[in-house]
Amino acid sequence: MVSSEASAGETCSPEFTREYGITKPISLSGPSGSDLQRSRELEKFLASAGLYESEEESKLREEVLAQIDEIVKKWVKRLTREKGYTEQMVEESNAKVFTFGSYRLGVHGPGADIDTLCVGPEYADREEDFFILLHDMLAEMPEVTELNRVPDAHVPVMKFKFRGISIDLLYASVALRIVPDDLDISQESVLYNVDEQTVRSLNGCRVNEQILRLVPNVEHFRTTLRCMKFWAKRRGVYSNVTGFLGGVNWALLVARVCQLYPNAVPSMLVSRFFRVYTQWRWPNPVMLRSITEEELGFPVWDPRKNPRDRTHHMPIITPAYPGMNSSYNVSTSTLRVMTEQFQQGNKICEDIELNKANWSALFDPYPFFEAYKNYLQVDIVAADQDDLRLWKGWVESRLRQLTLKIERDTFGMLQCHPYPTEYVDSSKQCPHCAFFMGLQRKQGVPILEGQQFDIRGTVDEFRQSVGMYMFWKPGMDIYVSHVRRKQIPSYVFPEGVRRMRSGRATNQIGKRSPHGRESSPKSCNGNFGDDIVEDCNANSAEKANKRKHDMRADVEKAEKRAAVSPNDVKSSSLSVSDVSNRSGLASQTSSAEEADLLSSTAGYGTIAKPVEDGEKPSKGRVKNDDQLEQKGSFNQKERVEEIGSGKGLQNSCILRAGKCQNGSEELESSINVEMILPSHAGVKSETVQKPVLRVSLASTA
């Protein structure tokens with residue numbers, strides 16, 4: 001049910017005089033006839049996209065929630081009896097289930113999970129009573145599947161499916177002996193004598209209630225939020241766990257736009273959303289109301305007092321006490337990606353308003369595997385599907401740390417774009433899945449000759465932190481490898497078929513067709529791969545030939561130096577990136593449009609978060625062949641010793657003065673040598689790709 005204030009907001013006059021938020025509205029203008037027509041078209045598009053659930057599924061959700069409420073009531077009575085309380089106390093004991101997230105806001109779609117909160121009495125603790133006793137009760141029920149507990153998450157959660165409906169269940173123990181059925185958790189009094197984990201667990205429900213009270217028109221807010229969530233998922237920027245924005249973040253951003261344009265309809269709000277956040281000067285915070293400090297003494301977001309708050313890149317503050325930054329996961333790299341996507345969305349909305357494009361153009365999926373030349377591939381393996389599900393959830397929750405560590409260790413010069421989609425190769429017998437990250441140099445920074453990024457230690461540190469998983473089992477492992485665009489496995493593409501690229505795709509905003517769809521801009525500089533050189537004009541072809549001639553000359557010089565001083569081959573061998581840089585292939589230029597786009601994120605440094613201490617050793621699972629090697633070149637003997645048996649060497653390229661020693665074609669000017677993966681835990685060498693020796697981004701695709 002929507003609160004009384006929210007309901008009043010829905011039914012009052014279309015011309016609002018009340019002020020919402022911490023500033024006056026930008027505009028009080030209402031919709032024109034064209035705006036109303038575009039809103040109807042938008043709602044029709046959202047319905048055709050399958051974003052609304054059926055009545056049958058809606059009824060099933062209500063039944064599931066009622067059953068879960070009964071389960072937690074039985075659970076609290078059982079533990080009350082086991083703790084030795086009187087029978088009267090057992091009879092009066094109670095627990096209550098609240099909902100929050102997309103379901104509470106009324107924007108959930110088919111198959112969406114339900115975020116729930118169990119509020120229990122003060123004597124029912126989280127560690128033993130919730131994560132052990134209630135977990136065991138759920139495990140015995142045939143309706144419950146895929147049960148997984150994550151007790152050490154920032155907000156501890158238990159995940160499972162109940163009759164096919166995904167449930168995220170949090171727990172909060174309040175300072176009450178008996179939890180009343182009419183408990184109002186929006187009151188600050190519920191926060192008395194509770195720890196910070198409980199505050200964070202309660203915060204989801206409390207924030208949702210405030211959002212619904214602070215927007216001028218709930219129905220317009222819901223339609224706009226449903227649209228923006230769909231857009232974010234299509235563009236690959238919907239995932240709090242990987243450093244983008246989750247459901248509550250998008251809800252707060254949309255709610256702020258609703259406050260700034262209180263009389264706007266959904267089509268106007270979507271357009272204004274991109275207009276506002278394209279121009280937003282981060283890290284200025286987004287707030288729906290002023291931050292208040294109560295007598296309870298919980299820390300609130302305040303960069304004037306808290307040094308750590310100053311490191312946040314995209315502060316989006318929750319409206320319920322205590323005010324927190326809900327987007328602390330955002331990094332320099334993910335902020336850059338989202339800024340670019342806001343720019344792209346703003347351009348398309350401008351075309352829609354000029355009748356040059358339709359709504360479908362806004363929701364074109366992001367061509368991630370065409371956007372970058374270099375990627376990190378994170379393969380996750382386990383002994384069976386149940387172990388993989390648990391292991392994958394843990395690794396995915398730590399992927400953000402890999403992005404932060406890479407930013408830290410390369411001083412922000414190597415930018416990462418984690419893609420929040422998992423991919424599975426159905427042709428493999430062993431249970432596994434893969435995640436990918438796009439890699440690129442920081443734009444607008446001069447490239448040093450021969451510069452490379454050694455992330456061997458970074459990946460090793462990441463593997464060790466992942467190895468701290470308390471429920472680790474034999475067979476659980478991860479592999480991190482550096483792959484180029486041409487090496488992307490086919491199973492990531494629809495129907496396993498790689499789409500032929502008609503032009504160059506970059507990670508920046510390309511030119512768009514008259515209908516607003518992206519088309520990759522063509523360029524003749526050295527940023528692009530050999531597969532699209534034929535698109536260049538004659539003048540660029542001549543330059544390419546000259547660069548190729550210069551590169552061969554450098555290779556010959558390196559071979560002569562090696563011949564003169566055989567003992568110094570390692571030091572005198574010309575690395576691949578050296579050839580690339582000297583031949584001019586490393587010079588990266590951006591179009592004027594790209595330069596303008598990237599300038600909006602200039603000046604942001606690497607997130608200054610401390611590295612977690614006390615990391616446990618990874619139980620012997622971090623092997624030498626799982627690490628990223630930092631040597632510039634190596635000989636075949638070293639390779640055989642590192643791999644072990646040396647099997648499969650005939651399929652690999654040995655780097656020596658920029659040429660392939662297996663008798664095949666000459667290496668491209670940026671190819672990175674890869675190690676061969678021996679059989680490990682039942683995983684064959686072709687199942688996952690092994691780490692490369694170094695990441696060299698002065699390269700072609």
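A residue is called buried here when its relative accessible area is under 20%, exposed when it is over 50%, and partly exposed in between, with a 1.4 Å probe and protein chains only. The model is predicted, so local features need pLDDT of at least 70 and side-chain atom pairs count only at pLDDT 80 or more, while totals for chains, interfaces and linings use all residues. Residues are numbered from 1 along each chain as its sequence is written, and side-chain values use heavy atoms, with hydrogens and water left out.

Select Leu388 to begin, in helix α14 (residues 385-409); helices (H or I, at least four residues) and strands (E, at least two) are DSSP runs, numbered from the N terminus. Because its relative accessibility is 7%, Leu388 counts as buried. Leaving aside residues up to four places away in sequence, Leu388 touches Ile380, Val381, Ala382, Pro431, His432 and Cys433, contact meaning heavy atoms within 4.5 Å. Cys433 lies 45 residues from Leu388 in sequence, yet their C-alpha atoms are 8.4 Å apart.

Next, colour the open sheet of 5 strands, whose order is β1-β2-β5-β4-β3 with mixed pairing; two strands pair if DSSP finds at least two bridges between them. At the edges are β1 (96-100) and β3 (144-150), each pairing on one side only.

Within this sheet, select β2 (residues 114-120) and β5 (residues 165-173), which pair in the parallel sense over 7 bridges, and then Gly120, whose bridge partner in β5 is Ser173.
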